[in-house]
Amino acid sequence: MGRYMFKRIGQAVVVLLLVSIFAYLLTYMIPGDPVYAMLGGDITQEQYDIAYEAMHLDQPIVLRYFHWLMNFVTGNWGDSYRYSQPVAALLGARLPVTMYLGIWSIIISTIIGIILGVLCGTHRGKLLDSILITCANFGAVMPAFWLAVLGMYIFALKLGILPTHGFVLPTENLAESVRTTVLPLIALSVGSIGGTTRQMRSGMLDVIRQDYIRTARSKGLTERAVTWKHAFRNAVLPVVTLTGMSFRNIVAGAISIEQIFAIGGMGSLMINSILSKDVAVVQACIMLTAIVVTISNLVVDIAYGVIDPRIRVE
Amino acid sequence: MDHYYEVSDLRVTFAGDSGRSVAVEDVSFYVEPGEVVCFVGESGSGKSVTQLAALQLLPVPPASIESGKVLLSGENLMQYKAQSATMRAIRGGEIGMIFQEPMTSLNPTKQIGLQITESAMLHLKLGRREAEEKAVDLLRQVGIPDPESRLRDYPHQFSGGMRQRIMIAIAMASDPKIIVADEPTTALDVTTQAQILELLTDLAKKNNIALILITHNLGIVARYAERIYVMYAGNVVESGGSMDIFARPHHPYTRGLIKAVPRLDLGEHRLIPIDGLPPSPGVRQPGCQFANRCPYAVDACRSKPSLDLIEGIHYCACHRKGEDFDLLESKDTEESHKTTEGLGEVLLSVKDLKVTYPIRKGLLNRKVGDLTILDGISFHIRRGETLGLVGESGCGKTTAARGILKLIEGTTGEVWLNGKEILSVPEKEFRPTRKNIQMIFQDPFSSLDPRVNVEDLVGEPLIIHHLVSGKEEYHQRVDELLRLVGLDPSLKDRVAHEFSGGQRQRVGIARALAADPDVIICDEPISALDVSIQAQIINLLEDLQEKMHLTYLFIAHDLAVVKHISHRVAVMYLGNIVEISDSEELYAHARHPYTKALLNAIPIPDPRVELEREHEMLRGEVPSVLMRPKGCCFAERCPFASEQCRQQKPVLQFDEKGHGTACWQIRQECGK
C-alpha cells in the first residue's frame, strides 16, 4: 500500500506541473503585451517598467516560468487588476463558498444515490425499481439551471419560504446559512443523484450475478446480509470513480448556479475574470481546480485500495 | 423406505422467449450419510439445476419449481419459502455447497477467515474467537499451510487449487450432513484435481457426510462414485451402483458416453461418438429425449419411457433392453494402429525455442530482467505425424504454439519448416509462407468473427493467399471444405452463433484446411466441447489426417485425449519438455516422475480398473515462472530429487527407441 500511494502521489505531482506550464503560458497566449495581459491596459509607463521587471521579462521563458512557479508555491499569486487586490485574498474569500456547496452536494448525492441504487438493484424489475429509475433518469437529464430557476420560482417567489438569492457561511449565521443553501444544493445535487443511482444499480445487478453471491446464498445468509456484507462492497467501486470525477464538476456546476443565486464563489469569479482577461486570477483558478481534482483522484485511488484488496498488490 | 435426503418428482421450468422450457423433468434421487453419489451428464442435462432447485437457490423468476418433494429426514422442505429461517438453516447448515469456479466463487473483497467463520457463526452460533479456531482447524484439514496467519489473507493471494480448498473449508464450516459439489475440479489441473477430490472424499468419509458430486468426467465418476445418476435433457435416464453401470450399462446414452471417451489404459481404438447434437434447453420432443440421437430407437420411443428396475438398485429409462443392444453392437472394435513407421520426412523442427517476457518496474517501466516462459524446447514432427504436447496450465504449451507461429515477441531459437528456418525471417517476407502453418483454436465461441458468415470465414484464407482464381472456384472450394468437415454447404450463409459448439469447431477446422497447410497446430481444440461431441471432433481430425496426410501439433491438457490422437507425445512442465516418446511407449514405460504422477492423477473411466490402481498423489502445486528452480524444473515436487537435481538442469537423453527423458535420476532407476 505504501509503494502504491507513493507512485500515485508521484504521478499527481507530474500532472500538476504540466497543468502549471499551461496555466503559465496563458499569459503569452493572450494577444498583445504580457504586461498588459497581467495588469490591463490602463497603466503608466512607470508601472509598466516595474511590472516588466517583476515579471522577469528580460529573462528566458524557462527561468520566468520557474520564478512564477516559485511565487505560486509560496502563496504569491499576484494581483487582480479588476478587483485591485491580491489574488490570494480574493480566492481566500471565494473558494470556501464554492467548496462548501460542492462538497455538501457530493456527500448528499453519493449517499442518496447509493441508497436508491441498492434499492433498485435488489428490487430489479419490480415497481419500486421502475419508479426510482425513471426518476433517476429524469434527474440525470434535467439541467441544473432549470431546476434552480424552478426552485426559486416555487419556494422563493410563490411560497416565500426561502430567499431568492445570496449566500451565508454557517460560521456566520447557521440558520440563515441553511436557508440560503437549500435551493442551490438541490439544484447542484439532483443530476448527480440520478447518475449515482444508475451507476449503483448497474453495479448491484452486475455483482448479484457473480459466483461469490451464489456462494454467500448457499451459506444460508439472509438476503439482507448477502446484499450488504457481500455485494455492496464490490458494487460500490464504480460509484467511487464517479464520485471522484464529480469533484471536477464542482467549479463547472457552480458557474450557472452561482450566477442564478448571485453567490460570490469561484464559478462567478472565474467567468468574470476570463471575460475581463484578468489573467492572474484565471491562472490561480486553473491551478486550484487542478489541485482539487488531483487530490480527489488521489483519495479515490486510495479508497479503491481500501475497498478492493486486489488493487493494493498491483 | 426412508432415506436421509430424498428428492422426488422434481420438476423445474425456466421462463424463456418462447414460453416456459422444462429444465428438470420429474427427477427423483436419494442419498444416505457417508455415501458418494455422482450425477453425470453433459451441459444442459439439468444436473446442476436439480441440486440448486432442491435447495431453492435458483433465481425465481425466471426459474420455477413446478412440483416435487425434497425430504430431509422425512420433512418436506418445499413447504418452506426460499428465504424462510428454516430453509436458510438447512441451506448452508445441513447442506453445504461447493461450486465449479474457485477463481470467482470467493468474495474478492473479504478476508478468507471471515468467509469461513461467517457460516460457523451463523449456523453453529459460535462466537468470533471459537469460529476462528474452527476456521484454522478447517484450513489445516484442507491442507492450507500456516493457517493462523493466512486467515487474514484475501482470495487473490491463493492459487486456484488453494481457493477450492478454502471453498471446501467454507462448506464444512457448519458441520453439514450433506455436501453438494458442482463440478468442483473442472477448472483445475489434473494433479490438483486428484488432490482436491481425494481430500473431499476423505473428509466426507471421515465425518460421515453424504457427498453429491456433479461432473461430466466419467473418470471421476468411476474413481469415486458409489452410486450414479446419469442425466440427459432433464431426465435421469439410468441410475444404480457404479460397478453395475460401468460393467453393464443399459441406456443407449450411457453406453454411448462410455464408448465416446478415450481411455488411457486401452490400446489404440477408434472412439464411437454419439451422433447428433446435445439437447438444447427449451427444445423438447415428445417421448424419449434421446430418441433422435439413439441408434436403436424404435416406434415405442415416441412415448416417454419410465425409469424401470432392472435388478437390485439399477434402474433405466428405456423401452428396449440392454441385452438387445449387446447383440446389435458389432463385437469387433476397430483396432487401428498408429505406427511411426512409414511417416515422411521431418516437416517441422524446433530447436531450443525460448520465449521470454521483459519484466518492467518502477515509474518509468524500465526493463529489469527477463521472465522465461519457454525454457528452450526442441522437437521435430514428420509429415503425416501427430505430435501431442501435453501439460498443465502454465507449462508453456500454448506459448510454444505462438512462438512457432511467430506471434510473440521475445522468441529465440530455431524453427525449421520444410527445410527453411522461419524464425529469423522478417514478417513481411514470411507472410506468403504463413499459409503453410495454420491453427485451430480452443474456444470455438470467441475465435470466429460473429459478424462474418461461414462461407467468408472459411474462404478468407483462399483469397488472402490467392489460392482461387475466380468466384466460381471460390464457392466450389468452400463447399468442398465444408463437406470435408461434415457440414452441409447449404448452411454457409449463416453466422457463427447459429451453430453449436461442435459445428463451430468444424468451421474452425475447415478454415485451417482452406490454406492447404503443411502443419496444423491444434490448441486445445476439444476442451470447450461436450464429451459426446469431443469424440466426433477427434474422429474428424483423425479421418482428415488419413485422407489428406496432414501433420498435427496437438496441444492439450488431457493426457487420455493426447495419447489417443498422437503418434508421439511430449510432456511439458514449467516451460520444458521433460519426456518425449512414441505415445504407446510413453504410457507403458513412463520414466519421468512428473509423467508418472500425471498418468496416475488421471482417473480411468472404469471402476474395476480404478479399484486396483494406486492413488499416489503428487504434492504441492506448479511453481510460478517467477520462481523458476535453478536446476531441474520439477525438483521441488519430485520425491526422488537429489542435490544434483536442484543445482543442474537435466537435458533430454534418448534411448534407442527414441524415448527421451530429462531426468538425472533416470539412470539410477527412479522408482519402478
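Just after helix 17 of chain B, B:His549 adopts a positive phi of about 60°; helices here (H or I, at least four residues) and strands (E, at least two) are DSSP runs, numbered from the N terminus. This is a predicted model, in which local features need pLDDT of at least 70 and side-chain atom pairs count only at pLDDT 80 or more, while totals for chains, interfaces and linings use all residues. Residues are numbered from 1 along each chain as its sequence is written, with chains lettered from A and ligands numbered from 1 in the order in which they are written.

Helix 17 itself covers residues 531-548 of chain B. Its buried residues (20 or more other C-beta atoms within 10 Å of their own, C-beta atoms being placed from the backbone) include B:Val531, B:Ile533, B:Ile537 and B:Leu541. Among the elements covering the buried residues of helix 17 are helix 10 (252-260), helix 16 (501-514), strand 20 (551-556) and helix 18 (559-565) of chain B.

Turning to the sheet, eight strands of chain B form an open, mixed arrangement in the order 6-7-8-3-9-10-12-11, where two strands pair if DSSP finds at least two bridges between them. Strand 6 (95-98) and strand 11 (308-311) of chain B are the edges, each pairing on one side only. Within the sheet, strand 10 (residues 235-241) and strand 12 (residues 314-316) of chain B pair in the antiparallel sense over two bridges, and B:Ser239 has B:Tyr315 of strand 12 as its bridge partner.

Between the chains, 23 residues of chain B are in contact (C-beta atoms, placed from the backbone, within 7 Å) with 22 residues of chain A. Helix 3 of chain B gives the most to the side of chain B that touches chain A, with four residues.

Terms used:
Contact = placed C-beta atoms within 7 Å. Expected span 1.5 Å × (residues − 1). Buried ≥ 20, exposed ≤ 12 C-beta atoms within 10 Å, placed from the backbone.
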